[in-house]
Amino acid sequence: MESPPFTAFRAAILIDSHIVIDTLSVLFNGTLLYLIIFCTAKSFRSYSVILGCSTFTEFLLALAAGFTLTRVLAVENTLGYQFHGLCRKFSAQICMDAHSVIMHCYSYAQIMLPLSFWYRHRVLTVGPVKPARLAVYCLIAYIPAFLVLVGFASGTSPPEVIYKIIATKKNSSLWPDDPEIAAIIGYEDMTSPYNLVITMWICTPIAPGYVISIFYRCRILRKLHAHSSMSPKTLRAQKNLVKALTLQSVTPLLTMSLSTGFLWMQYRLPGHVHLFFLEEYAFILVALTSMINPCIIIYYVLPYRKRVQRLLFFWKRKNDPKSKIYGETALSHTRDSNLQTTQELF
């Protein structure tokens, strides 16, 4: 089934949707970074390392998405990318490098999810990890994502080759064919060993990551129910944090399901269906995920939410005391009877 022609109207919708979502994503993640840096107490500094890494990753992803404005063009075994963003003013390879940043940020964000669940379980059972050590863990977790960055950026085919293939076999989707308006680059053969390895490297850790997240989520909830000495407020606070992490785990499922459908269509596997709108919205949904995640954290972390409310309703904040995040150390010792007096986190 051939895609309908890519017109100026569809291009305008693509660009406008990207700009709105990418701008909001930068704004929300930038706000959360500000809250993490300036509104987090020392007692909560350990977890803020993980939260800061994840937030900065999604902030960088949103910047790169707005810089590229990516559209995907699949032609048999060829995977092309059409970039409508400012990167086209430099070169097609610069666009591809920026797109590689998107892919590696998305990969790192998925790696950080099981690490977040593990840390919450560690806090409840043993105690918080020192921020320096936790930063080392985050750095080690970044290594697979860095390999994604290098692999994606270095395996592209010349733009002229991709342009010729698309012009020959899928000309109706090529518009606009002016490199000053939209740059084109990609991979000539996605079935080559190199490209298959890169694809598998990105996709393979997703399932184990979710298995680990579910495993630690179940253990965290069992641990919370086992502590009868925990006050209702503290129990609700911990459950809210688990709920926030769970919601952050769910939001990428939409993106991954569409990406799986795109790969199924790309390799023409049995039962594949040609969905032309995936060409335009596959990477808009990636930015949409990075826009939603900081909203979840800001909503469930009460001091962050109150600080945002004071910023938005500044004329009402005269008598509102400054909020900080308290109690990481106290909450880590869940066997202590003093939990009844622990201040509320969320």
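## Exercises: a sheet and its cysteines

Strand β2 (residues 78-83) is joined to β1 by 6 bridges, and the two run antiparallel. The model is predicted, so local features need pLDDT of at least 70 and side-chain atom pairs pLDDT 80 or more, while totals for chains, interfaces and linings use all residues. Residues are numbered from 1 along each chain as its sequence is written, and side-chain values use heavy atoms, without hydrogens and water.

**Exercise 1.** State the order of the strands in the open sheet, and say which of them stand at the edges.

*Solution.* Step 1: strands are DSSP runs of E with at least two residues, numbered from the N terminus. Two of them pair if DSSP finds at least two bridges between them. Step 2: the sheet has 3 strands in the order β1-β2-β3, paired antiparallel. Step 3: β1 (70-75) and β3 (183-187) each have a single partner strand, so they are the edges, and one side of each lacks a neighbour in the sheet. Step 4: for a residue pair, take Val 72, which stands opposite Tyr 81 in β2.

**Exercise 2.** Decide whether Cys 87 and Cys 53 are buried, partly exposed or exposed.

*Solution.* Step 1: buried means under 20% relative accessible area, exposed over 50%, and partly exposed in between (1.4 Å probe, protein chains only). Step 2: Cys 87 has 0% relative accessibility, so it is buried. Step 3: Cys 53, at 23%, is partly exposed.

Terms used:
Helices (H or I, at least four residues) and strands (E, at least two) are DSSP runs, numbered from the N terminus.
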